[in-house]
Amino acid sequence: MPNASSWSASSPLLLLWEDSSGTRIFLSLLYAVLAISGTLSNVMVIYLVFSFKKLQTTSNAFIVNGCAADLSVCALWMPQEAVLGLLPPNSSSLRSAEYRLLRGGLLGLGLTVSLASHLLVAFNRYVLITKLPSVYQALYQRRHTGCMIGLSWALALLPVPLLPGLWTLGSAQSDGSSRYTALLLALAVLGQTALLLHCYLGIVRRVRGSAKRVSVLNFHLLHQLPFPAAPPPPRRAQRRLSSVSVLLLCCVFLLGTQPLVWVSLLGFFLRPAPPALQAASWLLLCSLSALNPLLYTWRSEEFRRAARSVLPRGEGPAAAPRPAAS
């Protein structure tokens with residue numbers, strides 16, 4: 001059976017470093033399910049936003065940006081992992097340096113832009129709720145919004161050459177560059193998480209402190225928040241439900257990102273974590289690409305109404321028309 005160091009040079013990123021056909025088949029099926037569900041959900045959100053004018057808001061522009069990035073993971077990267085998991089360990093496809101670079105680039109680009117989009121959405125909502133309307137309107141002009149989206153892709157292209165170093169993450173004989181790449185990844189995600197939590201916890205404090213402040217903001221973007229939109233519940237219940245919705249979003253995000261952060265820090269400062277733990281942490285992070293569309297749309301009545309208008313309702317045959325009265 002191949003050892004960990006040989007697997008680190010030849011195996012797909014999220015496959016366990018063990019010669020177990022059952023594990024590889026299970027992970028391949030899991031990637032396939034995530035690829036199909038994530039592709040459909042991301043494409044659906046993009047289609048709805050471009051098809052319905054009411055959904056064409058600044059907040060949804062950042063959500064669509066994240067969905068486009070998630071498609072590079074769900075529609076392009078995950079299917080390859082699902083297929084490669086069924087190949088024998090000594091397959092030439094697994095050992096191709098160029099192919100590994102392509103897969104690593106797709107994964108790095110998609111995850112980086114997706115995480116940046118999370119932060120852009122959080123900051124957008126933070127400014128909307130906690131700042132004056134004039135500040136929001138000045139900051140989120142169409143030109144500025146386009147620059148923010150373009151900057152997220154430009155910054156994502158910078159660390160793509162570092163992604164191949166992550167393939168040796170977890171190997172006891174990995175070189176220093178891969179260890180520092182893992183540290184850079186962990187610190188970047190930690191910083192992004194801190195900013196995102198600051199924004200959402202600031203929203204929670206403002207909503208809990210003044211429900212009236214939120215209700216008088218006559219912005220269409222309020223319908224895109226993960227809060228109940230209509231009909232409005234009593235003020236105390238509204239504050240409670242708003243806080244729960246935001247905290248639930250934060251918990252899902254933390255569950256997907258933090259295991260990889262601490263596994264990477266553990267490997268840098270102490271010793272590499274077990275291969276199974278590394279694989280699980282990467283899988284949680286990549287699964288966010290399939291869950292992101294649901295995180296940002298499940299509480300939006302506008303999205304639900306738009307989805308109901310395009311999805312088949314499955315109603316029974318229509319009743320026969322009544323005869324005209326004589």
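# A tour from helix α12

Select E302 and R305: both lie in helix α12, three residues apart, about one turn of the helix. Helices (H or I, at least four residues) and strands (E, at least two) are DSSP runs, numbered from the N terminus. The model is predicted, so local features need pLDDT of at least 70 and side-chain atom pairs pLDDT 80 or more, while totals for chains, interfaces and linings use all residues. Residues are numbered from 1 along each chain as its sequence is written, and side-chain values use heavy atoms, leaving out hydrogens and water.

**Stop 1**

E302 and R305 form a salt bridge, with 3.5 Å between the closest N and O atoms. The term covers a side-chain nitrogen of Lys or Arg within 4 Å of a carboxyl oxygen of Asp or Glu. Now colour by accessibility. E302 counts as buried, at 12% relative accessibility. R305 is partly exposed, at 41%. The cut-offs are under 20% relative accessible area for buried, over 50% for exposed, and partly exposed in between (1.4 Å probe, protein chains only).

Salt bridges with shared partners link E301, E302, R304, R305 and R308 into one network.

Which residue forms a salt bridge with R304? Pick E301: the closest N and O atoms of the pair are 2.7 Å apart. R304 and E301 also share helix α12 (residues 301–310), and three residues, about one turn, separate them. An α-helix has 3.6 residues a turn, so residues three or four places apart point the same way. Move on to R308. The side chain of R308 meets that of E301 in another salt bridge, at 3.1 Å from N to O. Is each arginine buried or partly exposed? R304 is partly exposed, with a relative accessible area of 33%. R308 is partly exposed too, at 44%.

**Stop 2: the buried residues of α12**

Select E301, E302, F303, A306 and A307. These are the buried residues of α12. What do they pack against? Display α2 (21–51), α3 and α11: the buried residues of α12 pack against these helices.

Zoom in on A307, which is found in α12. A307 has a relative accessible area of 18% and is buried. Draw a distance from the C-alpha atom of A307 to that of Y47. The two atoms are separated by 9.8 Å, although the residues are 260 positions apart along the chain.

**Stop 3: α2 on α3**

Keep α2 and α3. Their axes come within 8 Å and cross at roughly 155°. An axis is a line fitted to C-alpha atoms, for helices over the stretch in contact, and angles run from 0 to 180 degrees between N-to-C directions. α2 and α3 are therefore roughly antiparallel to each other. Angles under 35 degrees count as roughly parallel, over 145 as roughly antiparallel, 65 to 115 as roughly perpendicular and the rest as oblique.

Look down through the pair. α2 passes α3 in a left-handed crossing. That means the near helix is turned anticlockwise from the far one by less than a right angle; clockwise is right-handed. Colour the α2–α3 contact by class: 20 residues are nonpolar, five polar and three charged. Ala, Val, Leu, Ile, Met, Phe, Trp, Tyr, Cys and Pro count as nonpolar, Asp, Glu, Lys and Arg as charged, and the others, Gly among them, as polar.

**Stop 4: α11 on α3**

α3 and α11 pack at about 145°, with their axes 9 Å apart. The crossing is left-handed. On α3, select I63, C67, D70, V73, C74, W77 and M78; on α11, select C286, S287, S289, A290, N292, P293 and Y296. Together they make the contact (heavy atoms within 4.5 Å). By class, 10 are nonpolar, three polar and one charged.

**Stop 5: α7 on α3**

Helix α3 (residues 58–84) and helix α7 (residues 142–157) bring their axes within 11 Å and cross at roughly 20°. That makes α3 roughly parallel to α7. The crossing is right-handed. On the α3 side, pick T58, A61, F62, N65, A68 and A69, which meet T145, M148, I149, S152 and W153 in α7. This contact has seven nonpolar, four polar and no charged residues.

**Last stop: the whole chain**

Show everything. The protein chain has 12 helices and zero strands. Of its 326 residues, 48% are buried. Among contacts with a separation of 6 or more, 78% join residues 24 or more positions apart.
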